[in-house]
Amino acid sequence: MTQFRSRIAGTGSFLPEKILTNADLEKIVETNDQWIVERTGIKSRHIAADGVNTSDLALEAAKRALEVAQLTPKDLDMILVATVSGDQPMPNTACILQHKLGAGQCMAVDISAACTGFVYGLTIADQFIRTGTYKNILVVGAEVLHRYINYKDRGTCILFGDGAGAAIITRAKEDEDSKVYSTHLHADGSISDLFVLPAGGSAIPFSARVLEEGLHYVQMKGREIFKHAVRTMSHACDEALTHNNMTPDQVSWVIPHQANLRIIEAVAKHFKIPMDKVVVEIEDTANTSAATVIIALDRAIRDGRIQRGQNLLLTAFGAGITSGSVLLRY
Ligand code: ACO
């Protein structure tokens, strides 16, 4: 069977206009700017206005990515939306996005892998292109997470924000140098209780009790997650380099999940990669879950940090606990 290679043809991202600063949070919960900055690196986060949904953010990011890739929505063979805060449980957000974009009747499906969602999506897109099944795939990471956050819980409400990023993954032409080298995905359901959104599924459907007990909000064991985040992302990156017989100095940029600056620094230290080779965008975006990696990638491409021909290592972890990496030549 002929094997094709996939490449990133274009990226885009979008953050909603409204900004929630640490100073704003100081007025809502017992916290302070210094604690949040020192423990997380976050100064502010973007919050979607009422009536603006995950598919709306995804739409703006997707349009920007399509423009760079010089493709139209009708060129798309598949739409993947990585999200844990889709517009509604059914239909999936990818179908809603397909309609809003004016794409054709291509395959459209959501990926639920929390913060690793974009890395999972990129992997799935890469596989469909390698087999020759599809040529042009839109992969989106999009979240309106703030609607699942309890703003009385200082342990979680400081961490998350809303946003979307999108990438067009296309079949690389034979003379094109840019390509996805390899992808590496993992999940460990035995520690899935570390980060949960208990209600809204078939286990705990909505009821008065859900509202009373706040079971519609995310619950997190932060310190435990921290340890697993460093371990799983470091492992996924080691795996990518070993698989491709590469050393860290051959990587121009690491683009990690933006959950906490200290987690990012610990992963960089593990690799002995200097922080000036790590894309960090957490300060004004906070943790946008499935969107962080692609937002960070897009911003670094647009401001010229990332150039064509460079080797990039993308890595993420998230609820599940899911984790993974993608090594590619941009
Ligand atoms: N403001 C002020 N004080 C606070 C706050 C706050 N917002 N939150 C907690 N504290 C207090 C705690 O109550 C505790 O006080 P105590 O010592 O009197 O009990 C103290 O600060 C230290 O708390 P820790 O939880 O030990 O703080 P830590 O350094 O671990 O930082 C944090 C907490 C930021 C949540 C960190 O553990 C973390 O980032 N973990 C990973 C979280 C994460 O990545 N979540 C998402 C993963 S999955 C996904 O991305 C979707």
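Helices and strands here are DSSP runs, a strand being at least two residues, numbered from the N terminus. The views below come from a predicted model.

**View 1. Lining of the largest pocket.** Two strands, β5 (107-111) and β9 (195-196), each supply at least two residues of this lining. The lining is made of 30 residues, and Val84, Ser85, Gly86, Tyr148 and Leu197 lie nearest the centre of the pocket. Its space comes to about 810 Å³. By class, 15 of the lining residues are nonpolar, 12 polar and three charged.

**View 2. Lining of the second largest pocket.** This pocket holds about 660 Å³ of space. It is lined by 31 residues, with Gly155, Leu159, Met220, Gly222 and Arg223 closest to its centre. Two or more lining residues come from each of α2, α6 (154-157), β10 (219-220), α8, α9 and β12. Helix α8 gives the most, four residues. The lining divides into 14 nonpolar, 11 polar and six charged residues.

**View 3. Shell around the ligand.** The ligand takes up the space of the second largest pocket. Elements giving two or more residues to its shell are α2 (33-40), α8 (222-243), α9 (261-271) and β12 (311-318). The largest share, four residues, is from α8. In total 25 residues surround the ligand, the closest being Thr31, Arg39, Cys115, Arg223 and Asn260. Of the shell residues, 12 are nonpolar, eight polar and five charged.

View 4. An N or O atom in the Asn260 side chain is 2.6 Å from a ligand oxygen atom. For Arg154, the distance from a side-chain N or O atom to a ligand oxygen is 3.0 Å. A polar side-chain atom of Arg262 also lies 3.0 Å from an oxygen atom of the ligand. The protein covers 76% of the 1000 Å² of accessible area that the ligand has on its own.

Technical notes:
Residues numbered from 1 in each chain as written. Predicted model: local features only at pLDDT ≥ 70, side-chain atom pairs only at ≥ 80, totals over all residues. Heavy atoms only, no water. Near = heavy atom within 4 Å. Polar contact = N/O pair within 3.5 Å; in protein donor to acceptor, adjacent residues only side chain to side chain. Areas by Shrake-Rupley, 256 points an atom, 1.4 Å probe, with all protein chains shown as cover. 1 Å grid on protein atoms, 1.4 Å probe; cavity = no way out; pocket = protein on both sides within 12 Å on 5 of 7 lines; lining within 4 Å. Sits in = over half its atoms within 2 Å of the grid points. Nonpolar A, V, L, I, M, F, W, Y, C, P; charged D, E, K, R; others polar. Points joined across faces, edges and corners; volume = space filled by probe spheres on them.
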